[in-house]
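Here is a short briefing on charged side-chain pairs. Look over the sequence and the model first, then read the points below.

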Amino acid sequence: APDTPVIDQAYSKLSNSITVEWRAVPGATNYMLTAQDGDSFVETIVKNSPGTVTGLKPATLYRITIRSINSGGKSQPSPFRKVKTVLAAPILSVHSPSCDSIAVSWKAVHMAAGFSVSLMRSDGLGRMLKENTTNTSLVFTNLDPGTLYTIKAYAWNANGMPGDDFTYNQRTSPNAPVDVKVALNSGALRAVVSWMPTEGALTYSVTVSSGLLKLRCNTSSASCIVPSLQCSSEYYVSVTAYNDAGSSKPTDAVSLKTIPCAPVNISIEEDEPGHLLVSWSSVSFGHYYVVFVKSDDGLEVHCNTSYTQCHFQSDCGFTYFISVFAYNKAGQSPLGDIFNYTTAPCCPSDFRAVFMSSDTVRVTWAPVRGADLYETRAAGGSGVVLCKDTATACTLSALRCNSPYNITVYSVSEARGSNTSCAPQYVATAPCSPEIKNISKEGLSVISVLWQSNNEEATYVVTARGEAGLWHCTSTGNSCTLTDLPCGSAFSVSAVARSPAGQSLPSYSVPLETAPCCPNDLILTEVTQSVTNISWSVGLGAQTYVTTLESPKGQAKCHTLQNYCLLGCIICGTNYTVSLRAISERGLTSSCTYEGYSSSACCPSGVKLYRLSNNGIRVFWRASDETMNYNADLHGSKGNFSCTPSSGLSHCDITEIPCGDVYTVVVAPVTDKRPKITFCPKKIYSVTCSGSSVGMVIYRGKSNAKHI
């Protein structure tokens, strides 16, 4: 084993170690240092001197020995040296309570009699500050804000021996930023806050507060954007600087008033037609308001006011788009709700009412702006008649005739409803149709018409219509007379009422037939002495006829469908009255009288021929009327002969008549006013040429020929 080493010196510079110095021992490869404190010890192997034993306790007295070591073993311990470790370093707790001070504190150190603390800027500028104290804390003041300082502290014992030192770098907290500026982005409702950078500040915190609401923005730059601000609010903005030492005092608060909120509770009404009233609730921090009103035709107007309502002129049938903005120094409020208001449609114009009948009126008007539908209301009469249509015309039916109506056309829109301010138009319906109660004959070609009058201030026109034409009469009462109606005609009689309001529907027609016409021409022709033929022209409207010849001696009558009639039992030489009744199909009768008729004189009787001596013939007869003149005609193959006696005689002679011939002999009465009678009996005589005596034979037919 090597020799025992000898300690030259042992000392403690650190509270947890003791350093030992010795002279080297030949042959030793290592050395063992031992520090013993009572029963405990600490050993350390080192290569050479000096060597340090660590892991010791501060301010503790140790016995220090050393051994040399080689491959042969360990030497004996050297004589010990007593060495006491120095005091432990105080453990500092450092902070910067303000931007110009640093507070240092520590716990008491075992065996310490006092402490020494020094402070100096870490950048070496300025002077060092040093304080000795027996306390466990102290404060350095009047420091530079935001500056890094190095702090060193150690304790010393009663002998003034310093212990371990403790070094700590501490920065003072920053000063409050200056020149704080706040700019509001009104569109985005955010604030841009800027300031001058402050020394030693690592970060900044911007606080924007309003009541209980606090918004923060942290940044390492000299500006910050604070979003999500509320409209109509006042915020107080302050900036605090931060570093690892703490924070500065907040800057004095800067007031920030945001833009006002969009007005709410907006109401729009037409306080009267043509005037819009826009009102809204007051907005906090709103200094004045601007209302924009844009119509659907593109025209825009606005109103600037410090009150909460505005008046605008409006037109009917327009849609207005209305927005309200509030303003203050910060700017314009956000866009709120855009309201649209549609004014009532315009009242229809160019109103026209045309009566189609007494109970039906067609109403037309010009189309108006804003109307989707039209409602026509007729009030009056027995109630209200309604008509709804999208067209600009409406037909109101079932109106009461002869009645006043107030007709109003309301324009209707889906957005606003009906325009109730439209003025009514007064319209009176046409008169009611009259009802014909009676038609009576007042005289020849005169008809009286009676109707029920149920209208006020109406004029009635009665019309008789037929193939013969039209006949009218007019009255304001309840009857009138039709005159000069033609005979034998059929009419349809109706009545209408007229007034300034119009004309009624015609009444129901009543048929009217006038008595048939009397024939214009009537001719009596004697067929035989007792038979007379009567013929006449057709009487218009007549179906049958009754003809009568009447005298004191008797009457002859016939009823026929024809326009002629044979009347028998006529007494010759008699004066008759002639009458005719024309009868229509419905039994209407016209009594017609004509000029009297005298039957012809009676034919003579007892006609005979006598032979005269000079080849003459005497014709003899018995006259029916001694005052009547007669004429005798003889017709034979050798000639025709005639003779007319003097008045009052009943015979006449024909001289130089050829004999040997058969003659037809007719004796008939004659007058100046009547044609020659042809119906008296014919006698046939044969005139011979032998002998001187004349005989007479009545001849009837060829087989009865007799000779004279």
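A salt bridge here is a side-chain nitrogen of Lys or Arg within 4 Å of a carboxyl oxygen of Asp or Glu. Glu375 and Lys388 form such a pair, with their closest N and O atoms 3.5 Å apart. The model is a predicted one. Twelve salt bridges turn up in a search of the whole structure.

**Glu375 and Lys388**
- This pair links distant parts of the chain, 13 residues apart.
- Glu375 sits in strand 34 (residues 373-380), and Lys388 sits in strand 35 (residues 383-389).
- Glu375 counts as buried because its relative accessibility is 13%, under the 20% cut-off.
- Lys388 has 56% relative accessibility, so Lys388 counts as exposed.

- Asp144 forms a salt bridge with Arg121, and their closest N and O atoms are 2.6 Å apart.
- Asp144 lies in the loop between strand 13 (137-140) and strand 14 (148-156).
- Arg121 belongs to strand 11 (residues 114-121), 23 residues apart from Asp144.
- Asp144 is partly exposed, at 33% relative accessibility.
- A network of salt bridges links Arg121, Asp123 and Asp144.

**Asp653 and Arg618**
- The side chains of Asp653 and Arg618 meet in a salt bridge of 2.6 Å, N to O.
- Asp653 is in strand 60 (residues 651-654) and Arg618 is in strand 57 (residues 617-622), so the pair ties together parts 35 residues apart in sequence.
- Asp653 counts as partly exposed, with 33% relative accessibility.
- Arg618 also counts as partly exposed, at 31%.

Terms used
Residues numbered from 1 in each chain as written. Predicted model: local features only at pLDDT ≥ 70, side-chain atom pairs only at ≥ 80, totals over all residues. Heavy atoms only, no water. Helix = DSSP H or I, 4+ residues; strand = E, 2+ residues; numbered from the N terminus. Buried < 20%, exposed > 50% of the residue type's maximum accessible area, 1.4 Å probe, protein only.
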